[in-house]
Amino acid sequence: MAVFAQKEGFTPTPSLDHKYSVEVVDSTPEAATAIGVAVRRGGDLPPQTLVTWDELNAVGFEGKPGQTHVIPAKPVVVLVGVGDELDKAQVRDAAAAFANAVPAHGSLAVAVGEVAGVSTEDLGQAVVEGVLLSRYRYDALKTDAKTTPVSTLSLAIDDARSEALATGVARGVACAEATMLARDLANTPPSLLTAEDIAEVAVALGTERGFGVEVFDRAALEEMGCGGLLGVNAGSEKEPRMIKLTYEPEAEPTGRVTLVGKGIMYDAGGLAIKPGDAVHATMKNDMSGAGAILAAVAALPSLGSTTAVTGYLMCTDNVPSGSAMAMGDVLVVRGGKSVEVLNTDAEGRLVMADALVLATEEPTDAIIDIATLTGACLRTFGAEIAGLLGNDPEIVEQIERAAEATDEPVWELPLARRYRRELDSPVADIANMGGPNAGTITAALFLEEFVAGRPWAHIDIAGTAQNAADDKWRPAGCTGFGARLLIDFVTNFKPSTNGGTPS
Ligand code: BES
Ligand code: ZN
Ligand code: MN
């Protein structure tokens with residue numbers, strides 16, 4: 001009998017197997033069983049429904065953003081309130097409200113109107129993302145899945161705008177699929193997605209989508225002096241994996257970005273074992289940074305990114321055992337810096353250090369790291385805003401713009417070097433933990449130590465990786481936060497003009 005859910009025939013990426021079609025049409029197709037129509041406050045109502053504003057007001061529908069009214073007919077018509085003015089994020093939210101209002105319907109159509117200030121391309125992208133992401137469920141291990149998946153999504157628009165819409169739709173599909181892949185990877189229980197397993201997923205994706213994947217095992221990591229990843233892995237019965245992804249555009253690249261992701265497949269805390277509270281049960285998501293990078297890079301070939309990308313996924317679990325690293329141990333990371341381990345639960349920064357040094361060894365215009373790094377970030381910003389720190393204002397601003405475009409919010413914290421002394425160690429070059437306060441800042445200061453002054457930004461997704469309850473296009477569970485943000489950042493990337501702050 002299998003102790004954990006059967007692994008036979010199990011795939012950690014069920015979303016990739018789910019087949020559905022998204023199409024641009026000139027009128028809503030007969031096969032659609034539910035049609036979404038945006039309604040402004042006091043605006044035009046779809047004539048065929050024969051419903052009036054008096055009737056709608058009588059049941060409390062005022063056209064407020066997120067409000068829906070389902071008209072039972074064949075097909076079902078869903079009025080979705082959109083208030084007075086809409087931006088891209090609200091279009092995505094409205095599409096999600098539509099899909100959530102008719103959970104039993106798989107054949108959906110949306111009548112795409114005009115929205116002042118939002119391009120037709122962005123409309124297409126946002127509608128697709130809103131519908132597909134709101135219907136996502138991780139049900140690979142459920143006997144009876146409760147949510148009806150989308151089988152067909154038709155976007156109806158007049159001919160003149162259909163080409164622009166189709167471009168946005170293709171982008172929306174690529175971005176939604178990336179997020180769903182990142183969600184699948186993070187939602188998969190730790191025993192079913194080990195470091196070795198995620199390396200296999202990466203290799204398969206690289207072959208299928210057309211990007212390079214190189215996998216480094218324990219022996220290779222020893223050879224390379226990756227003492228951070230090896231130190232964290234020391235307590236584990238499972239092998240570590242560093243996975244290097246490379247995406248090269250067909251023409252000469254317009255820039256080079258290096259992405260570094262924390263891939264702790266399960267964070268028990270090591271010898272500083274975490275208490276058995278609810279947070280402990282979410283630590284299968286401690287590889288969300290690595291998952292977001294893998295999903296984003298997998299989308300780049302189809303999007304024709306002109307930016308070249310190298311990705312490092314630093315994968316192991318962090319568990320206690322007789323062979324685990326102890327408090328007081330000193331690790332030597334790639335490049336030779338020594339690190340005193342004051343807390344084995346501050347493991348993310350240890351595995352990231354090796355990769356940040358590797359990132360500086362090759363030409364790059366920017367290093368971006370993404371990690372479920374600190375509980376302090378969750379407490380500072382809650383579950384809806386990620387922490388952002390960096391040494392280059394232009395790169396930080398480009399991350400902020402991508403966050404805005406994708407509605408994956410970030411907020412910058414100061415990289416306050418006055419706190420660097422908290423990381424001083426009496427025995428090593430640096431300690432892996434600062435004082436009890438400003439934990440997100442001291443964690444970033446630790447990472448900065450390894451980027452050799454390259455343009456760099458750090459995204460702390462400890463809060464945003466996980467969602468407690470269903471919310472618009474983010475169902476409860478692992479959110480896949482970062483995949484769409486990174487795609488947007490990479491595809492719009494411009495090298496910084498100031499070349500980073502020298503350390
Ligand atoms: N993976 C955790 C961070 C985390 C905590 C994410 C809670 C989401 C929710 C990380 O490895 C960790 O344990 N960080 C410690 C660092 C401390 C020991 C300096 C933390 O934040 O408590
Ligand atoms: Zn962790
Ligand atoms: Mn930890």
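This is a predicted model: local features need pLDDT of at least 70, side-chain atom pairs count only at pLDDT 80 or more; totals for chains, interfaces and linings use all residues.
Residues are numbered from 1 along each chain, and ligands are numbered from 1 in the order in which they are written.

**Exercise 1.** Identify the protein donors of the manganese ion (ligand 3).

*Solution.* Donors are N, O and S atoms within 2.8 Å of the metal (3.2 Å for Na, K and Ca), and water is not among the atoms. In sequence, the spacing of the donor residues is D-x77-D-x1-E.

**Exercise 2.** Determine which residue bridges the manganese ion (ligand 3) and the zinc ion (ligand 2), and where it lies.

*Solution.* The bridging residue is Asp-267, and the two ions are 3.2 Å apart. Asp-267 belongs to strand β9 (residues 255–267), whereas Asp-345 is in the loop between β12 (338–340) and α11 (348–360), so the pair ties together parts 78 residues apart in sequence. Strands are DSSP runs (E, at least two residues), as are helices (H or I, at least four).

**Exercise 3.** Classify Asp-267 and Asp-345 as buried, partly exposed or exposed.

*Solution.* Buried means under 20% relative accessible area, exposed over 50%, and partly exposed in between (1.4 Å probe, protein chains only). Asp-267, at 3%, is therefore buried. Asp-345, at 22%, is partly exposed. Of the 503 residues of the chain, 56% count as buried.

Key. Side-chain values use heavy atoms; hydrogens and water are left out.
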